[in-house]
Amino acid sequence: LGAGLCEAAGDPALSLHGAGWMQFGRVEHSYATANASNDFRHNWLSNYGGIFVTGYQVDENWDAALGLGSLLVSLPRGSNSGADIWYPFWVGFLSEARVTYKSDDFAKDGGLQLTLGTFPYNYNPDSKNLGVYLLKGYVYPGAIESGYGDLFGSVGSRTGAWGRYSIGGLTNDLMALIETDAKPLYDMSFADVLTWKISSGFELGAGVNLYRYLAADEKATSPGKDCQDAFLGPYAGSGPGGGQTTPCFIVRKDSAGIPIDTITGSLSGIKLMTRFRFDPKAWLGGKGVLGENGFVLYGEAAIIGTKDYPILYDDIKRRIPVMLGLNLPGFNLFDWSVEGKYYASKNSSDNLPAQSGSWLPGGTKDPGTGRDDWKWSFNASKVLAGNIFLGFQVANDHLRLGGTHNNATGREAMRTPEDVYWAFKTAYFF
């Protein structure tokens, strides 16, 4: 095997690259419930990982790549009763396994690109933490995902088919995506993302995602009233399931407590997105001493679910996250940025379908329910000698922590304006 690798490494069509990283940080303040089930204050955060990717250029039109990685995570305690639990676990992942065709004129004048398999994709590369709502997170229960992510791992990888056509400053990405990360697995979504580079300093984008349009198991994606062993829902009291924490439907009652009707729903839905990027340096003579990304302003807004459901999702204005970011001038020494987000949803996002299988928000009996409408993030980074990455983030975002052993709860650790954490990452890549 070793001899084979050495021989292959001499092939000019074969490329090898990868990264190894270490990340650590601490939650300085986090909301805590009366029973301390969410007491993440002063908990340390850490993960370590690596990734290795091989690429092969078949000919002028065809190429392929395979990327494998592993991540070691230590879960924070999350409660006083679990103070002796600090359980690390390994996560293996596939970051890339694809074959790609590009037309002869693609690199120079634009054209057609077709990719099949698992591939990296991010329509908003300016986003450091907040944003990318079209392809991250569930539609219902409307939970937003963010946090100091795995910058060199599987975050941003999609599985399915991707077709790109570009002409002039217009690019259209059409994707059929298979869900391989968030349960229920193997549902299929269809997304279309448009990017229009109007000039060197101004860019617009828009997109639609028919999320989980084709369900692998309809009863898992849209459980309905025949859900087994289910709690009747947060507005119905205890149900026949003995107080289970997986609601599948809501029984709506009148003021006298008499049932009026039953509301059923689904994890599937439609997301819409629009974004912009503005770089004033294009009209001021180039980057100069401000740095490549200095004073770049970018923003994104989305509709997380176009369909209304009574009681919980009855106001579309509360399903629209809006993010704005600014890259501060780094004077060619480093990159740093600030991002802010407004999201007026009043539902708790502690209930993730990956843990509960439910399309309803959870945490309704928790005295710390609800969300702070405003979130923010500060990021700084520097690349040394072309191969060493140093990064830092301090934020009040949608960081999710908690759990015992290797079972994460998915609870948000940042609920109030006072909540904050910081994290540092160092990596070597080649």
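The model is predicted. The chain has 430 residues, and 47% of them are buried. Its secondary structure consists of four helices and 20 strands.

**Overall build**

- The accessible surface of the chain is about 20,500 Å². Carbon and sulfur atoms hold 61% of that surface.
- Take the contacts with a sequence separation of 6 or more: 63% of them join residues 24 or more positions apart.

**Nonpolar cores**

- The largest nonpolar core contains 20 residues. Val 27, Leu 401 and Tyr 421 have the most contacts inside this core.
- Five strands each supply at least two residues of this core: β1 (14-29), β2 (44-57), β3 (62-74), β17 (388-396) and β20 (420-429).
- A second core is separate and has 13 residues. Among them are Tyr 138, Val 139, Ile 250 and Ile 263.

**Nonpolar surface patch**

- Nine names make up a nonpolar patch on the surface: Leu 112, Leu 114, Tyr 165, Ile 167, Leu 170, Leu 194, Trp 196, Ile 198 and Leu 204. Together they expose about 790 Å² of accessible area.
- Two or more patch residues come from each of β5 (112-120), β6 (157-167) and β8 (188-199).
- Strand β8 gives the most, with three residues.
- Leu 194 is a patch member and sits in strand β8. Its relative accessibility is 37%, so Leu 194 counts as partly exposed.

**Salt bridges**

- The count of salt bridges is eleven.
- Arg 26 pairs with Glu 28, with the closest N and O atoms 3.0 Å apart. Arg 26 is partly exposed, at 21% relative accessible area. Glu 28 is also partly exposed, at 28%.
- Asp 126 pairs with Arg 277, and here the closest N and O atoms are 2.6 Å apart. Asp 126 lies in the loop between β5 and β6, while Arg 277 is in strand β12 (residues 269-278), so the bridge ties together parts 151 residues apart in sequence. Both residues, Asp 126 and Arg 277, are buried.
- Asp 187 meets Arg 212 in a salt bridge of 2.9 Å, N to O. Asp 187 is in the loop between β7 (170-178) and β8, and Arg 212 is in strand β9. The two are 25 residues apart, and the pair links distant parts of the chain. Asp 187 and Arg 212 are both buried.

**Asn 209 in strand β9**

- Asn 209 belongs to strand β9, residues 202-214. Its relative accessible area is 3%, under the 20% cut-off, so Asn 209 is buried.
- A polar atom of the Asn 209 side chain lies 2.9 Å from the backbone oxygen of Leu 134.
- Beyond residues up to four places away in sequence, Asn 209 touches Leu 134, Leu 135, Ser 189, Phe 190, Ala 191, Gly 269, Ile 270 and Lys 271.

- Asn 396 is buried, with 1% relative accessibility.
- The side chain of Asn 396 makes a polar contact of 2.9 Å with the side chain of Lys 375.
- With neighbours within four places in sequence set aside, the contacts of Asn 396 are Trp 374, Lys 375, Trp 376, Met 414, Thr 416, Pro 417 and Asp 419.
- Ser 146 is 250 residues from Asn 396 in sequence. In space, their C-alpha atoms are 9.9 Å apart.

**Val 73 in strand β3**

- Val 73 is located in strand β3. Its relative accessible area is 18%, and buried means under 20%, so Val 73 counts as buried.
- Val 73 and Leu 45 are 28 residues apart in sequence. From C-alpha to C-alpha, the distance between them is 8.6 Å.

Conventions: Residues are numbered from 1 along each chain as its sequence is written. This is a predicted model: local features need pLDDT of at least 70, side-chain atom pairs count only at pLDDT 80 or more; totals for chains, interfaces and linings use all residues. Side-chain values use heavy atoms; hydrogens and water are left out. A nonpolar core is a set of buried Ala, Val, Leu, Ile, Met, Phe, Trp, Tyr and Cys residues joined through side-chain atoms within 4.5 Å. Buried means under 20% relative accessible area, exposed over 50%, partly exposed in between (1.4 Å probe, protein chains only). A polar contact is a pair of N or O atoms within 3.5 Å; within protein, one must be able to donate a hydrogen and the other to accept it, and residues adjacent in sequence count only if both atoms are side-chain atoms. Contact means heavy atoms within 4.5 Å. Patches are made of residues with over 30% relative accessible area and no salt bridge: like charges are joined within 9 Å, nonpolar side chains (Val, Leu, Ile, Met, Phe, Trp, Tyr) within 5 Å. Accessible areas come from the Shrake-Rupley method with a 1.4 Å probe; for residues, only the protein chains shown count as cover. A salt bridge is a side-chain nitrogen of Lys or Arg within 4 Å of a carboxyl oxygen of Asp or Glu.
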